[in-house]
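Student: Please walk me through this model. I will ask, and you will answer briefly.

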Amino acid sequence: MISRNASAQSSPLEVFLVALRLGLTSFGGPVAHLGYFRREYVERRGWIDEETYADVVALCQFLPGPASSETGIAIGLLRAGPLGALAAWLGFTLPSAMLMFAFATVADRLPLETGWLFPILKLVAFAVVALAVWRMARALAWDRPRSTIALVSSAIVLLIPGSATQVAVILAAGLVGGLLLTAPPLSARAHVGVPIGRRTASACLALFLALLIALPIGRALTEDGAVPPSGLALLDSFYRSGALVFGGGHVVLPLLHGEVVPRGWVNEDRFVAGYGAAQALPGPLFTFAAYLGATIGGIPGAVVATIAIFLPGFLLVLAALPSWGALRARPWAQRALRGVNAAVVGLLLAALVDIARAIASTLI
């Protein structure tokens, strides 16, 4: 059921302030963030309805980059246009990025033992995700066909972990839904207008690809192997890390490690210390880039690294959302999306099991 506020629009400032609150309070990593987002955007404020939220989450699971940040960007775009998308990203990212920058400046003088904090954060994340799974299941996977899709999806992801498995499960669930499920009545599905056109979307996709190709070429022509690196080398390394990783969060760790440690930009101890701090802070784990950039090049390095790692996901959300808005109005797409939404519930259920395992391992 969509809230009476769902058809209204917000100012970019309102979007920023709501996202800032989430950026200050969303502990627990990407999956927990989706629980916090649902509680704030769907339940508390009614900015979008339950099915639209699940659709957006599913779309962002397909895109490379930080899935939870991309979900926030998409909701900001739907609520307040392109400036709303920017405000949503900035509000959610700024607190964590500033804290990671501050940590980079004092890391050598701080005790880095934070093991006592992780179990507490995991318990909070477990509660948030458990509530989101229950309520989303009631709305999106309560009948037998969809609950079956959710449970099978969860079992597959638990048996074969990995972002590639998640994408494959969502694709398979969409296919099963398109073939076997029934479409809801048109009046039961809220119309969601995307406030940018196909031309803007195409320009964003072209810019994403142009940067992915041009940055390595420009770097190869000018690279001198200096430490600290040039701004172009920093931009290329962090842009590619954001553009080529699916699943976000912890999955970006090996890419960033390969970019900064072997080149001597950041030593192993500083890298591990920063990653441990990133897990203890609210907001997106991709702000680990702010810490690495600050360690490499101070404030300019932190700014370049943070913008570069998030930019691919931002461009891809603006490129993909208009097509998604047109597709979800078609009956066959609605059937497929019902299957996808059930799979999203299953993915969250699998994440809940993983969090429970992590909590159990710390207590044993």
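This is a predicted model: local features need pLDDT of at least 70, side-chain atom pairs count only at pLDDT 80 or more; totals for chains, interfaces and linings use all residues.

Student: What percentage of the residues in the protein is buried?

Tutor: Buried means under 20% relative accessible area, exposed over 50%, and partly exposed in between (1.4 Å probe, protein chains only). The protein has 364 residues, and the buried share is 52%.

Student: What share of the contacts with a separation of 6 or more joins residues 24 or more positions apart?

Tutor: Contact means heavy atoms within 4.5 Å. Among contacts in the protein with a separation of 6 or more, residues 24 or more positions apart account for 77%.

Student: How are H1 and H2 oriented to each other?

Tutor: H1 and helix H2 (residues 30-44) pack at about 150°, with axes 10 Å apart. Axes are lines fitted to C-alpha atoms, for helices over the stretch in contact, and angles run from 0 to 180 degrees between N-to-C directions. Angles under 35 degrees count as roughly parallel, over 145 as roughly antiparallel, 65 to 115 as roughly perpendicular and the rest as oblique. H1 and H2 are therefore roughly antiparallel.

Student: Is the crossing of H1 and H4 left-handed or right-handed?

Tutor: The axes of helix H1 (residues 12-25) and helix H4 (residues 67-106) come within 7 Å and cross at roughly 35°. A crossing is left-handed if the near helix is turned anticlockwise from the far one by less than a right angle, and right-handed if clockwise. The crossing of H1 and H4 is right-handed.

Student: How are H8 and H9 oriented to each other?

Tutor: Helix H8 (residues 198-222) and H9 pack at an angle of about 140°, with their axes 9 Å apart. Their crossing is left-handed. H8 and H9 are therefore oblique.

Student: Is Ser237 buried or exposed?

Tutor: Ser237 sits in helix H9 (residues 231-243). Its relative accessible area is 1%, so Ser237 is buried.

Student: Which side chains make polar contacts of 2.7 Å with the side chain of Ser237?

Tutor: A polar contact is a pair of N or O atoms within 3.5 Å; within protein, one must be able to donate a hydrogen and the other to accept it, and residues adjacent in sequence count only if both atoms are side-chain atoms. Not counting residues up to four places away in sequence, Ser237 touches Arg219, Glu259, Arg263 and Trp265. One 2.7 Å polar contact goes to the side chain of Arg219. Another, also 2.7 Å, joins Ser237 to the side chain of Glu259.

Student: What distance separates the C-alpha atoms of Pro312 and Leu211?

Tutor: Pro312 lies in helix H12 (residues 288-327). With a relative accessible area of 0%, Pro312 is buried. Leaving aside neighbours within four places in sequence, Pro312 contacts Phe208, Tyr239, Gly242 and Ala243. Pro312 and Leu211 are 101 residues apart along the chain, and their C-alpha atoms are separated by 8.9 Å.

Terms used:
Residues are numbered from 1 along each chain as its sequence is written. Side-chain values use heavy atoms; hydrogens and water are left out. Helices (H or I, at least four residues) and strands (E, at least two) are DSSP runs, numbered from the N terminus.
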